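I opened my notebook and went through this one piece by piece. Here is what I looked up, in the order I looked.

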Amino acid sequence: MSIQSAVLGFPRIGAKREVKKATEAYWAGKIQAAELQKVAKEQRLARWQTLKDQGVDVIPSGDFTLYDHVLDFNATFNIIPSRFAQANLSDLDRYFAMGRGHQKDGVDLEAQEMQKWFDSNYHYIKSEVSSKTEFKLNNLKPVDEFNEAKEAGITTRPVLVGPITALLLGKAGRDEGAGAASFEPLSLLDKLVPVYGELLKKLEEAGATEVQIDEPSLVMDSTADLGAKYQSTFEAFAKAAPGLKITLATYFGRLDKNVEFVAKLPVAALHIDLDRASEQLDQVIAAVKPTSLKLSLGLVSGRNIWKNDFEASLATAKKAVDALGADRVVVATSSSLLHTPVTLANESRLKPEQKDWFSFATEKAAEVATLAKALSGADVQAALDANKQSIKARRDFEKNSDAAVRERLAAVTPEQYNRKSPFPERLAAQSKVYKLPQFPTTTIGSFPQTKEIRLARSKHTKGELSTEEYEKFLENEIKHAVDFQEAIDIDVLVHGEPERNDMSQYFGEQLTGFVFTENAWVQSYGSRYVRPPIVVSDVSRPHPMTVRWSSYAQSLTKRPMKGMLTGPVTILNWSFPRADVSKEVQCKQLALALRDEVIDLANAGIFAIQVDEPAIREGLPLRQVDWDGYLTWAVDSFKLATAGVEDKTSVHSHFCYSDFSLIFEHIKRLDCDVISVEQSKAGGRDLVAFHEKGYENEIGPGLYDIHSPRVPSVEEMKGRLDAYLKALPAQKHIWVNPDCGLKTRAWPETEQSLKNMVEVAKLARAERPE
Ligand SMILES: Nc1nc2c(c(=O)[nH]1)N[C@@H](CNc1ccc(C(=O)N[C@@H](CCC(=O)N[C@@H](CCC(=O)N[C@@H](CCC(=O)O)C(=O)O)C(=O)O)C(=O)O)cc1)CN2
Ligand code: MET
Ligand SMILES: [Zn+2]
């Protein structure tokens with residue numbers, strides 16, 4: 001009996017970022033839709049061929065996307081808010097408009113809200129549903145892509161977002177009007193299921209024998225009471241397409257008690273994540289044993305880049321084989337591989353001994369295939385031996401540690417976690433340094449990362465531009481940003497971050513203990529990708545990282561300059577962490593490195609220092625019982641990084657991606673002088689908690705969405721500010737700022753948007769004199 005290997009999903013960006021380049025060229029009007037579709041097709045074929053070449057048995061289809069797979073789901077099932085449905089746009093432009101907004105030829109559409117995909121740095125587009133949503137098959141993308149693969153000679157397993165997860169991830173849209181606050185997206189399940197069943201039927205008719213339905217929500221507390229809904233849903237699917245074998249995929253965490261109802265569902269196989277939650281294996285085996293379910297073992301991580309330890313994986317798999325029999329076991333990736341880079345093959349600068357520690361998506365596909373072959377009794381001894389050697393070499397390296405870093409961390413005292421005085425005293429001390437107006441205006445840090453900036457950096461990396469020339473270039477950029485902010489009358493300035501390729505990678509590149517890559521891009525949202533640095537050993541700061549740029553910027557102006565750092569939790573969450581040391585230790589090592597930087601900035605005369613922690617919320621464990629453990633070390637790390645300065649220095653932080661109400665007490669414990677939060681798409685939803693819990697420190701709720709090129713009008717932002725003021729009636733100190741940094745924007749829209757924003761602050765000051 002041979003055991004099958006399966007890959008749950010593969011990166012869709014292309015090994016050389018082909019999809020980014022083509023979509024951006026299309027948006028810029030440089031290529032036509034047909035050219036874009038041609039690139040998309042080439043990429044789909046290349047992905048299938050890669051997986052086939054690596055020896056994978058079960059190859060996914062339908063997981064390719066030009067923007068986001070949840071947006072694809074919405075387009076297929078006609079979850080299209082009326083403002084998009086009514087717009088005079090092609091289907092493709094309507095699709096992109098839903099993801100990124102549209103402002104052209106008199107059409108002005110705000111993008112839909114983005115949200116983090118579970119605990120990852122991937123963002124999906126949040127569906128807007130309402131009682132007016134009419135599910136129907138608006139397109140047949142999953143069937144078309146299945147057919148496309150079939151024509152290329154590859155039989156695939158189509159992948160679909162599960163209906164319950166899809167609805168749980170959505171929200172009541174504007175079309176619901178006044179009833180939106182009480183509208184439950186899940187109430188639409190009964191209407192969605194028959195249409196979903198129709199799609200399954202069409203896949204079956206097209207010749208599919210299997211389908212993968214992703215229900216990652218099953219690893220969250222929110223599904224504990226949904227057993228009956230899952231049961232009726234999957235019963236309906238079994239009826240709609242009786243010939244289709246369904247693999248119900250769960251990932252990113254453990255099923256816990258949900259496994260009791262999940263094991264009874266009328267599906268063919270259950271997939272579990274043994275990378276994130278290996279502890280669930282015994283419980284799951286016990287639950288599925290009496291049934292006829294197959295168990296798909298998620299052994300090869302879809303979330304990190306470490307080479308799989310074959311010996312450990314095979315031991316785990318044997319446990320399942322012994323309990324269930326070989327015919328009921330599948331070996332798979334833990335989740336889709338979209339969170340990992342495409343291939344190690346394009347990394348030429350990693351030292352060979354380091355390269356040998358890693359596996360990216362293509363290499364992971366080969367790992368799954370090898371594991372399945374090993375379990376099926378095929379002769380893969382050479383591969384097993386090579387793997388054993390690599391793992392041993394890594395373990396040997398991991399024995400090294402930096403004594404100075406370890407000793408410093410061990411010697412940290414409780415006082416080092418806290419500012420010297422409480423907020424009101426700090427505020428008094430800070431007001432003596434700079435007297436800011438009411439509704440002070442600021443931005444979140446970055447200004448447009450133009451083509452010129454990227455080109456200069458790329459030339460500098462390649463040695464075509466000297467360090468002196470590059471730094472002169474950056475100074476000019478900073479000067480331009482400072483002059484602009486003064487000209488439009490911003491109160492607290494930033495230097496604009498032109499020197500950074502990415503807010504976490506930039507720090508990773510300057511700290512000891514990280515390695516970084518050349519082409520290892522991972523999709524963050526739409527056409528925006530990141531190259532997460534990799535933590536391989538103890539972390540320390542060999543030299544100041546940002547002081548030079550902030551000091552230069554401050555030298556250009558009398559207005560207060562805000563220094564700009566990425567916080568320890570965010571650097572860690574946006575890196576690939578090492579696996580041999582706890583995240584807490586890695587985070588606190590980062591915190592100590594940043595603490596020195598914060599103190600250096602203050603000593604250089606920087607008045608305000610913003611330490612961004614946009615990823616603190618995303619790293620929140622998926623099960624609530626695990627929250628306190630994480631939040632304790634995460635918040636402590638931020639405090640350790642920031643509390644070393646005197647009262648007169650203003651510590652800011654910034655958070656994007658809403659839903660802070662859940663972790664509000666911990667946000668409070670950060671004890672920032674000022675925090676800015678993304679809020680424009682959430683319409684003030686998160687501010688309720690700040691009011692109800694009596695938050696006293698200063699807040700800057702974002703006035704406009706920066707992910708979209710559209711320019712918000714004064715009226716629009718003034719309306720938003722008024723709504724925020726209503727939600728925060730007792731709050732004395734409200735800042736006026738955008739939702740997030742402006743790096744993905746171009747200058748023309750940035751100039752106009754910020755001018756409008758300053759106008760809004762001035763209107764508000766006139767209405768509420770001090
Ligand atoms: N890590 C991370 N996660 C995050 C964020 C973030 O800023 N960083 N922000 C939130 C939203 N996510 C985002 C993710 C990426 C980008 C983004 O702008 N990415 C850039 C790449 C940034 C980068 O690393 N740029 C490098 C390399 C740029 C490049 O493509 N260079 C060219 C050469 C220059 C040229 O000719 O243009 C090349 O290599 O071919 C640089 O500036 O140096 C992109 O996709 O375009 C923005 C937001 C949440 N998660
Ligand atoms: C994703 S949070 C971004 C914060 C950063 N300071 C910026 O302005 O780009
Ligand atoms: Zn942000």
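The entries below go from the domains to the sheets, a helix and a few single residues.

**Ground rules.** I am working with a predicted model, where local features need pLDDT of at least 70, side-chain atom pairs count only at pLDDT 80 or more, and totals for chains, interfaces and linings use all residues. I number residues from 1 along each chain as its sequence is written, with chains lettered from A and ligands numbered from 1 in the order in which they are written.

**Domains.** I began with the division of the chain, which gives domain 1 (4-339 + 349-398) and domain 2 (403-413 + 441-767); such bounds come from an automatic or database domain assignment. Taken over C-alpha atoms, the two centres are 31 Å apart. I then looked up the contacts (C-beta atoms, placed from the backbone, within 7 Å). On that basis, 40 residues of domain 1 touch 32 residues of domain 2. Helix H1 (18-27), helix H5 (91-100) and strand E5 (114-116) each supply at least two residues of the domain 1 side. My helices (H or I, at least four residues) and strands (E, at least two) are DSSP runs, numbered from the N terminus.

**Core.** Next I looked for nonpolar cores, meaning sets of buried Ala, Val, Leu, Ile, Met, Phe, Trp, Tyr and Cys residues joined through C-beta atoms within 7 Å. For burial I count other C-beta atoms, placed from the backbone, within 10 Å of a residue's own: 20 or more is buried, 12 or fewer is exposed, and in between is partly exposed. The largest core has 208 residues, and Val-7, Leu-297, Val-331 and Val-368 have the most contacts inside it. This core takes at least three residues from each of domain 1 and domain 2. As background, nonpolar side chains tend to be buried together in soluble globular proteins.

**Eight-stranded sheet.** Which order do the eight strands take? I read E1-E14-E13-E12-E11-E10-E8-E2, an open sheet with parallel pairing. Strands pair here if DSSP finds at least two bridges between them. Strand E1 (4-6) and strand E2 (60-61) are at the edges with a single partner strand each, so one side of each has no neighbour in the sheet. Inside the sheet, strand E8 (residues 157-161) and strand E10 (residues 210-214) are parallel and share three bridges. Val-159 has Gln-212 in E10 as its bridge partner.

**Ile-272.** I stopped at this residue of strand E12 (residues 269-273). Is Ile-272 buried or exposed? It counts as buried, with 32 C-beta neighbours inside 10 Å. Its contacts beyond four places in sequence are Thr-250, Leu-255, Gln-280, Val-284, Leu-297 and Gly-298. I also noted Phe-252, 20 residues away along the chain, with 8.7 Å between its C-alpha atom and that of Ile-272.

**Five-stranded sheet.** This open sheet runs E19-E20-E21-E22-E23, again with parallel pairing. Strand E19 (562-566) and strand E23 (698-701) are the edges, each with a single partner strand, so one side of each lacks a neighbour in the sheet. Strand E22 (residues 674-677) runs parallel to E23 and is joined to it by four bridges. Val-677 is opposite Pro-701 in E23.

**An antiparallel pair.** Strand E15 (residues 512-515) and strand E18 run antiparallel, joined by three bridges. Thr-512 is bridged to Ser-540 in E18. In strand E18 (residues 534-540), six of the seven residues are buried.

**Helix H19.** This helix (residues 467-487) has 21 residues and reaches 30 Å from first C-alpha to last, close to the 30 Å expected (1.5 Å times one less than its number of residues). Among its buried residues are Phe-473, Leu-474, Ile-478 and Val-482. The buried residues pack against helix H18 (451-462) and helix H21 (547-555). Asp-489 follows H19 and has a positive phi, near 75°.

**Positive phi in loops.** Arg-17 is not a glycine, yet its phi is positive at about 55°. I found Arg-17 in the loop between E1 and H1, partly exposed with 16 C-beta neighbours inside 10 Å. Asp-105 has a positive phi of about 45°. Asp-105 sits in the loop between strand E3 (102-104) and strand E4 (107-109), and is exposed, with 8 other C-beta atoms within 10 Å.

How values were computed:
Contact = placed C-beta atoms within 7 Å.
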